[in-house]
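Reader: I would like to learn how to read a protein model step by step. Could you take me through one, giving the general idea before each case?

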Amino acid sequence: MERAEFLRLTGAALAQPSADALAGRADYTLRIAQADVELAPGHIVRTTTYDGRFPGPLLRLRAGRPVTIDLVNETGVPEQLHWHGQLVPPSVDGAAEERTPYIPAHGRRRIRFVPGPTGFRFYHTHVRAGSDLGKGQYTGLVGPAYVEPPEDAGRYDREVFLVLKEFVPSFSHGGDMAQDILTGRNVPELERRGEAAMRRSLAAGMPKGYEVGYRLFTINGRMLGHGEPIRVREGERVLFHILNASATELRSLALPGHAFTVVGLDGNRVPTPATVPVLWIGTAERVDAIVEMRKPGVWVLGDTDDGDRAHGMGIVVEYAGRSGAPRWTKPPDTRWDYARFGARGMAAREPDETITMTFAKRNAAFHGFNVWTINGQPYAGGASLEAMPRSMDTMKPMFHLREGRRYRLHLRNASDDLHPIHLHRHLFELTRIAGQRTLGVIKDVVMLGGYQELELDFVANDPGLTLFHCHQQLHMDFGFMALFDYV
Ligand SMILES: [Cu+2]
């Protein structure tokens, strides 16, 4: 496909090689700076961006070919840029907890790494926002990255990148979204623990902790009806690369009259592609899905939540020769089941070691914010909760790995919230979810439902400090993190 046509189709701009690259130095430069982003006429937001735009430029990288990138910070705040889903060393991974050096305020940092593995990855800021909704992933500091395979065996006619993101955040009390979307039953013991904790905090006069809501919703930085439509022809197979770039939200997507054949999750091919009417995408998850265009018309590809769609979470799909107002119809209610995409009839190899982690919530325990614990400990350690904002870079590792061993994480959620769980610098394989054994679904983020449990396996094959956390910004910022080291 021609580059110009690719740009037109995706609505995304490719990163331009920098002046330095032309001088034989860096391959790319990413500039962190405040900018006005027009989401729709009359809806201009001022936020921090990569290169003055949202989403950040699509970086096309080659697996195994070293890349040099200059990170320029024009803001007054030290920054971290995290290469989500890539197996890179802690020195460039982009997390202060792993001791990656900051990109200094009004300064720059040059990094070099070998991209990989192949597939749909992304990059984003990794600083703590805490109670400041003008920082962290509440800003526009997110962009897609695609690590090109040597050759693409996918059968499709067009490729479209979609970045889902909300703007204008504010704090509220109480949950604002349906989160009961995963298959599987609650574990009674976890439910008892969570509800006892809730009763204790209510008895102590504590309300529910803060949640974050948003006013404006976008795909590729434009509200529904205000960007270029995705233009298709009847009979085409369109490969969508979809990223949930939200700081905190779970998203869903449907295209009336069409279905999604999921071929990849978090950029990794799934063993069993399966066709679903609705995609559920946790914070920081990616889905690669093929849609066969067999229903000519003008349609809304949008969030199944009517309010979020009405406030912009959607994009128009327009068949050649068709016009008129885009149509939406409500899709069937479905639940999301990762095991549908797994290999059948095989058992996971036994791990060398199993690590159990239980996640719990202390309701409104820190200035009205919920505090999150892993095995009873918030990521602030022995330090007081008051020290949390300062202590992020100095925590001791909670878990210890030996290179070459295979680990199983048994994750147990003693809260009613859904958590998108992320492991840095490693990929993991889902081995048990919603009570079912599965195999072959390789990810870097997985949604763990309220009062549910799951198991994932990984091989300790990338020495160095490794951060584990919930990708919900409000959860990770208030305790939901832990460090692994290699011993
Ligand atoms: Cu969480």
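Reader: How many helices and strands does the protein have?

Author: Helices (H or I, at least four residues) and strands (E, at least two) are DSSP runs, numbered from the N terminus. By that reading, the protein has six helices and 30 strands. Please keep in mind that this is a predicted model, in which local features need pLDDT of at least 70 and side-chain atom pairs count only at pLDDT 80 or more, while totals for chains, interfaces and linings use all residues. Residues are numbered from 1 along each chain as its sequence is written, and side-chain values use heavy atoms, with hydrogens and water left out.

Reader: What is the order of the strands in the open sheet of four strands?

Author: Strands of a sheet pair through backbone hydrogen bonds, either parallel or antiparallel. Here two strands are said to pair if DSSP finds at least two bridges between them. In this open sheet the order is E3-E8-E7-E5, and the pairing is mixed. Strand E3 (59-62) and strand E5 (81-84) stand at the edges, each with a single partner strand, so one side of each has no neighbour in the sheet. From one strand to the next the twist averages 25°, where axes are lines fitted to C-alpha atoms, for helices over the stretch in contact, and angles run from 0 to 180 degrees between N-to-C directions.

Reader: In which sense do E3 and strand E8 pair?

Author: E3 and strand E8 (residues 142-148) pair in the parallel sense, over four bridges, and Leu-61 stands opposite Val-147 in E8.

Reader: Which protein donors does the copper ion have?

Author: Donors are N, O and S atoms within 2.8 Å of the metal (3.2 Å for Na, K and Ca), and since water is not among the atoms, sites may look incomplete. For the copper ion, the protein donors are His-419 (ND1), Cys-470 (SG) and His-475 (ND1), which lie 2.0 to 2.1 Å from it. Along the chain, these donors follow the spacing H-x50-C-x4-H. His-419 in strand E24 (residues 419-423) and Cys-470 in strand E29 (residues 466-470) are 51 residues apart, and the pair links distant parts of the chain.

Reader: Is His-419 buried or exposed?

Author: Buried means under 20% relative accessible area, exposed over 50%, and partly exposed in between (1.4 Å probe, protein chains only). His-419 is buried, with a relative accessible area of 0%, and Cys-470 is buried, with a relative accessible area of 0%. Of the 487 residues of the protein, 60% count as buried.
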